Amino acid sequence: MTRLNDFETIRQWDNANFVHPWEGMGEIGNNRRTFTEAASGIHITTETGKRLIDGPAGMWCVQVGYGNTEIADAMAEQARDMAYFSPFSNTNSAPARLAHEVARRTPGDLNRVFFTTGGSTAVDTAVRFVQFRNNVLGKPEKKVIISRQKAYHGSTYLAASVSGKERDKGWLDQAQELAYFLPNVNSHIRPDGMSIADFLDEKIADLENAIHDIGANKVAAFIAEPLLASGGVIVPPEGYHKRCLEVCRKHDVLYISDEVVTGWGRLGHWFASEEVFDIVPDIITTAKGLTSGYVPMGACIISDALIDSISGDNSQGATFSNGFTYSGHPVSAAAALKNIEIFERDGILDHVRSVAPLFQERLDALRDHPIVSDTRGMGLVGCVECSIDGSVKNGLEQDRAIGARIDHHCQDMGLLLRPLINMCVFSPPLIISEDQINQMFDIMEKGIALAAAEIQAG
Ligand code: PMP
């Protein structure tokens, strides 16, 4: 274990050598990121020994909590037996068993599991497969992917190209010809006087019009997160996904459901597409909670129907030349298999369904606070949004760093959140108890009040 006074040396290496995700070039080399070196259950411990509830569960991923020795042991055992195999030439029972366990839990005929290194590579694989299939089918012009504003699908070139968060696009190139973005599906920002039903009709018309304008012969797929997670936990109006799927079916457009966040119990089910949103998509992408974040792994899960349409006599002799050295890595597969076993044995899905109502009730109650303009959530995911653009409540000043202010005060009181400009998002480990949920929201109420008082004081 690293001692406190070693951290200053390591911090120099962190600054000099470790390029972090979303690194700000203005600050590179001069950061004071907090070291977190130990964790247990729903808590992480920082370099100063402070114990915090991990509100975001890492990055929406540590489903069964930290310090799970069963997963650690399963990984160690697999590493000792067979640390690696080549998925190009051989196979191995760990990923083969996992593919079966995953397929048993997916909706419909989504039975073909392509393992990847994470969520971005799962989305990349989905887009490449859809393009590949259309090439095999002799429709090389059918390539456009329809996505949505505020969507996040990953950080590889294709996944980033179909992501719709404007502020991530400024300095990086995109495959612009590939993607088309539909307007925001957040009903909170609909025009005054418009009903949710009318807003929903408008969003469905957006999709249908886009397919019409681009030409159905050119649109390959629609990609959507069941709820837009890092875009600010945007839950579309009820019935949205079902109606989008109907539009897709009508125009021979495939539906890719990006369940990187919503899979593996986050909304109380293995996957949210069918059980929560009543759709059976053509492809599901997933990662994160598959291994509870213990080791990297993702999957692109394809329906039998799609594979059958281009296999055997229909294959044209084609090869899907896509794959990774670590596709189906046995140590990751061993972690995922143990993770699933723990989910089953400990009734994690039932637990999420039983505590989620309290979580959502406490989340809703945050709206009573003067600076809170909206709260959104589902299952064990939540977002609290404070007003910044125009809708200033009770005369409070606009403040773009309000999310960071709230997080700062909450950390002082023992809760870590994920600030996103004027929002904080959180998705705690799924093993969280009702008492711990109450503790989380008690701290959040105080943190919001302190941040508001700070702004008011100028
Ligand atoms: N899709 C969604 C919906 C995500 O939230 C993320 C990551 N937050 C990704 C894809 C990319 O996953 P990864 O970071 O594992 O590549």
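Residues are numbered from 1 along each chain as its sequence is written. Because the model is predicted, local features need pLDDT of at least 70 and side-chain atom pairs count only at pLDDT 80 or more, while totals for chains, interfaces and linings use all residues.

View 1. Ala, Val, Leu, Ile, Met, Phe, Trp, Tyr, Cys and Pro count as nonpolar, Asp, Glu, Lys and Arg as charged, and the others, Gly among them, as polar.

**View 2. An open sheet of seven strands.** Follow the order β4-β10-β9-β8-β7-β5-β6, and you will find mixed pairing; two strands pair if DSSP finds at least two bridges between them. At the edges, β4 (110–116) and β6 (179–182) each pair on one side only. Strands β9 (residues 283–286) and β10 (residues 298–303) run antiparallel and are joined by four bridges. Look for Thr285, whose bridge partner in β10 is Cys300.

**View 3. Helices α4 and α11 meet.** The axes of α4 and helix α11 (residues 330–346) are 8 Å apart, and the two pack at an angle of about 40°. Axes are lines fitted to C-alpha atoms, for helices over the stretch in contact, and angles run from 0 to 180 degrees between N-to-C directions. The pair is therefore oblique: angles under 35 degrees count as roughly parallel, over 145 as roughly antiparallel, 65 to 115 as roughly perpendicular and the rest as oblique. On the α4 side, the contact includes Ala94, Pro95 and Leu98, and on the α11 side Ala333 and Leu337 are among the partners; residues are in contact if their C-beta atoms, placed from the backbone, lie within 7 Å. This contact has nine nonpolar, no polar and two charged residues.

**View 4. Helices α12 and α14 side by side.** Helix α12 (residues 348–365) and helix α14 (residues 434–456) have axes that come within 10 Å and cross at roughly 10°. They are therefore roughly parallel to each other. Val355, Leu358, Phe359 and Arg362 of α12 make the contact with Glu434, Ile437, Asn438 and Phe441 of α14.

How values were computed
Contact = placed C-beta atoms within 7 Å.
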